[in-house]
Amino acid sequence: MNSILDLLADRIGGDNMGQIASAIGAQPQQTQTAVSAALPALLTALNRQTNTAAGAQGLSQALDRDHDGSLLDQLGGFLGGQVRGKQADGGGILGHVLGGQQREVEQGVARASGLDMGQVARLLPILAPIVMAALGKRKRQSGLDGAGLSGILGQDSMRARQAAPSGVLGALSGFLDRDGDGSMQDDLIAQAGKALFGR
């Protein structure tokens, strides 16, 4: 079964990455680095939403209602601005997922990638609907409930951190360090326990 990251890797490489780079006015390699920096932040934020039963249920319902995964099959149209509606509303998704921490994430992605803040501010609303579509597709494939979503988000947020280029975790450490103690190690261990034991 494909993970969220596998689904994303299949869809946003090659020509699609070039189209994203063109849309934000950056080089493809720099855009790839920025995407690799943004994914751990977005997946971590989504995983935090599932830490309560109400949050997990809310995310599950949002996926059922607006993010069934079909966006992944029409990425060319989405990147070209031809797809509308809540499934393509990157700004709205970011407001729900990141809230008041959006600026912090933008700054971290900019530091990690070398993109300017304006380019990052254009990138995240493009990336957020694609991440939600991948999560929605994974949910449908496996019939996941809120607890199941929490489990795969815990696993994939860890994988995204491990795959991120050198320097990304430092640039985003304030956001990724969930309990604010200055160490991501205990947070990673907690996520591992959650993924392995359903806690």
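Is Arg 11 buried or exposed? Let us work towards that, and a few other points, in the exercises below.

The model is predicted, with local features needing pLDDT of at least 70 and side-chain atom pairs counting only at pLDDT 80 or more, while totals for chains, interfaces and linings use all residues. Residues are numbered from 1 along each chain as its sequence is written, and side-chain values use heavy atoms, with hydrogens and water left out.

**Exercise 1. Describe the surroundings of Arg 11.**

Step 1. Helices here are DSSP runs (H or I, at least four residues; strands are E, at least two), numbered from the N terminus.

Step 2. Arg 11 has a relative accessible area of 17% and is buried. The cut-offs are under 20% for buried, over 50% for exposed, and partly exposed in between, with a 1.4 Å probe and protein chains only.

Step 3. List the neighbours. Leaving aside residues up to four places away in sequence, Arg 11 touches Asn 16, Leu 72, Asp 73, Leu 75 and Lys 137. A contact means heavy atoms within 4.5 Å.

Step 4. Look for a charged partner. The side chains of Arg 11 and Asp 73 meet in a salt bridge, at 3.5 Å from N to O. Asp 73 sits in the loop between α4 (53-66) and α5 (75-79) and Arg 11 in helix α1, so this pair ties together parts that are 62 residues apart in sequence. Asp 73 is exposed, at a relative accessible area of 59%, whereas Arg 11 is buried.

**Exercise 2. Characterise the largest cavity.**

Step 1. Count and size. The whole structure holds two cavities of 30 Å³ or more, and about 40 Å³ of space lies in the largest cavity. On a 1 Å grid over the protein atoms alone, a cavity is a set of points where a 1.4 Å probe fits but cannot get out; a pocket is an open set with protein on both sides within 12 Å along at least five of seven lines; lining residues have an atom within 4 Å of a point.

Step 2. Name the lining: Leu 42, Leu 46, Ile 93, Leu 94, Val 97, Ala 128, Val 131 and Met 132. Two or more of the lining residues come from each of α3 (28-49), α6 (90-97) and α8 (117-142).

Step 3. Sort by class: eight are nonpolar, none polar and none charged.

**Exercise 3. Describe the linings of the largest pocket and the second largest pocket.**

Step 1. The largest pocket has a volume of about 300 Å³. Of its 15 lining residues, Ala 62, Arg 65, His 67, Ile 93 and His 96 are the closest to the centre. α4 gives the most to this lining, with five residues. By class, the lining has six nonpolar, five polar and four charged residues.

Step 2. The second largest pocket has a volume of about 230 Å³. Among its 14 lining residues, the closest to the centre are Leu 5, Ala 9, Gln 32, Ser 36 and Leu 39. Here α3 gives the most, with four residues, and the classes are 10 nonpolar, three polar and one charged.

Methods:
Points joined across faces, edges and corners; volume = space filled by probe spheres on them. Nonpolar A, V, L, I, M, F, W, Y, C, P; charged D, E, K, R; others polar. Salt bridge = Lys/Arg side-chain N within 4 Å of Asp/Glu carboxyl O.
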